[in-house]
Amino acid sequence: MSLKDNIKVIRVKDKVEGGKKAFEIIKEEMEAGLKVIGLPTGSTPETMYEEIRESDLDFSEVIAINLDEYIGLAPDHPQSYHYFMNEKLFNAKPFKETYMPNGLGSETEETEGYDEIIAEHPIDLQILGIGTNAHLGFNEPGSSFDGLTEKVELTEDTIEANKRFFDSADDVPRQAYSMGLASIMSADKIMLIAYGENKADAIADAINGPVTEEVPASILQKHQEVVFILDEAAASKL
């Protein structure tokens with residue numbers, strides 16, 4: 001099998017259509033027996049979460065495992081990923097169980113403990129966004145392909161990209177707990193969503209570039225089944 005036989009690219013008009021397409025895939029996977037789903041935060045999946053909230057899909061037998069969380073933010077902090085997930089999804093759709101790193105937890109518990117959770121609940125479908133530097137979760141360029149959940153230092157690019165959510169760049173946490181690339185790759189199926197011209201280089205490098213730790217998302221070329229949902233701008237350099 002060539003590396004590219006495992007990659008499917010779905011082009012959509014915009015983030016609204018992308019959210020609908022992502023929802024369709026989740027629904028299909030649930031009908032096929034999905035029990036554990038890996039979830040992202042950020043602006044990219046918001047239309048997908050809106051589709052889920054407005055649907056009659058029942059997640060009461062599904063376990064959700066999130067990718068990451070800022071270190072230093074309490075779960076009820078408005079910019080924490082706990083808060084985001086509750087507001088965008090969990091308050092409207094009860095799951096069997098939900099797991100997220102605790103930004104105030106100890107490094108050992110939030111890394112080794114999280115790996116144990118993933119091992120106990122293998123992920124059927126992992127949903128991802130992608131950074132402009134091709135990061136997945138908070139796995140920045142140079143992250144080991146063999147990495148499991150760990151404490152990571154955020155790059156200036158990521159701090160710059162995330163400062164719009166905070167009062168100033170100084171308020172953006174400098175560290176996070178993040179599922180590692182090997183943890184992400186352990187999922188049976190992966191769906192990556194990207195919109196906008198600023199993601200075009202990262203998408204092109206991820207799909208067609210060399211597989212290198214300097215482009216974290218390039219590891220997806222080695223996964224058994226990956227679906228990319230891209231608007232025309234994000235797909236413009238393929």
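**Fold and packing of the predicted chain**

The chain exposes about 10,600 Å², and carbon and sulfur atoms supply 44% of this area. Accessible areas were computed by the Shrake-Rupley method with a 1.4 Å probe; for residues, only the protein chains shown count as cover. The model is predicted: local features need pLDDT of at least 70, side-chain atom pairs count only at pLDDT 80 or more, and totals for chains, interfaces and linings use all residues. Residues are numbered from 1 along each chain as its sequence is written, and side-chain values use heavy atoms, with hydrogens and water left out.

The chain holds seven helices and ten strands. Helices (H or I, at least four residues) and strands (E, at least two) are DSSP runs, numbered from the N terminus. The radius of gyration of the chain is 16 Å, close to the 18 Å that the globule rule gives for 238 residues, so the chain is as compact as a globular protein of that length. This radius is taken over C-alpha atoms, and the globule rule is 2.2 Å times the number of residues to the power 0.38. Along its principal axes, the C-alpha trace spans about 40 × 40 × 35 Å. Of the 238 residues, 55% count as buried. Buried means under 20% relative accessible area, exposed means over 50%, and partly exposed lies in between (1.4 Å probe, protein chains only). Among contacts with a separation of 6 or more, 81% link residues 24 or more positions apart. Contact means heavy atoms within 4.5 Å.

Strand 3 (residues 63-66) is covered on both faces. Ile63 and Ile65 are buried on one side, and Ala64 and Asn66 are buried on the other. Strand 2 (residues 36-39) runs parallel to strand 3, and four bridges join the two. Two strands pair if DSSP finds at least two bridges between them. Within this pairing, Leu39 stands opposite Asn66. The chain passes from strand 2 through helix 2 (residues 46-53) to strand 3, a right-handed β-α-β crossover. A crossover is right-handed if, with the strands pointing away from the viewer, the path from the first strand over the helix to the second runs clockwise. Strand 3 also pairs with strand 5 (residues 97-99), in the parallel sense and over three bridges. Here Ile63 stands opposite Glu97.

Val62 is found in the loop between helix 2 and strand 3. Val62 is buried, with a relative accessible area of 3%. Leaving aside neighbours within four places in sequence, Val62 is in contact with Met30, Leu34, Lys35, Ile37, Phe95, Lys96 and Glu97. Val62 and Leu181 are 119 residues apart in sequence and 23 Å apart in space, C-alpha to C-alpha.

Three bridges join strand 4 to strand 8 (residues 175-178). Tyr70 has Ala176 of strand 8 as its bridge partner.

Ala134 lies in the loop between strand 6 and strand 7. Most residues other than glycine have a negative phi. Ala134 is not a glycine, yet its phi is positive, at about 70°. Ala134 is buried, with a relative accessible area of 3%.

Buried residues of helix 7 are Ala200, Ala202, Ile203, Ala204, Ala206 and Ile207. Their cover includes strand 1 (7-12), strand 9 and strand 10 (226-231). Ile207 has a relative accessible area of 6%. Beyond neighbours within four places in sequence, Ile207 is in contact with Lys4, Val9, Gln221, Phe228 and Leu238. Ile207 and Gln221 are 14 residues apart in sequence, and their C-alpha atoms are 6.4 Å apart in space.
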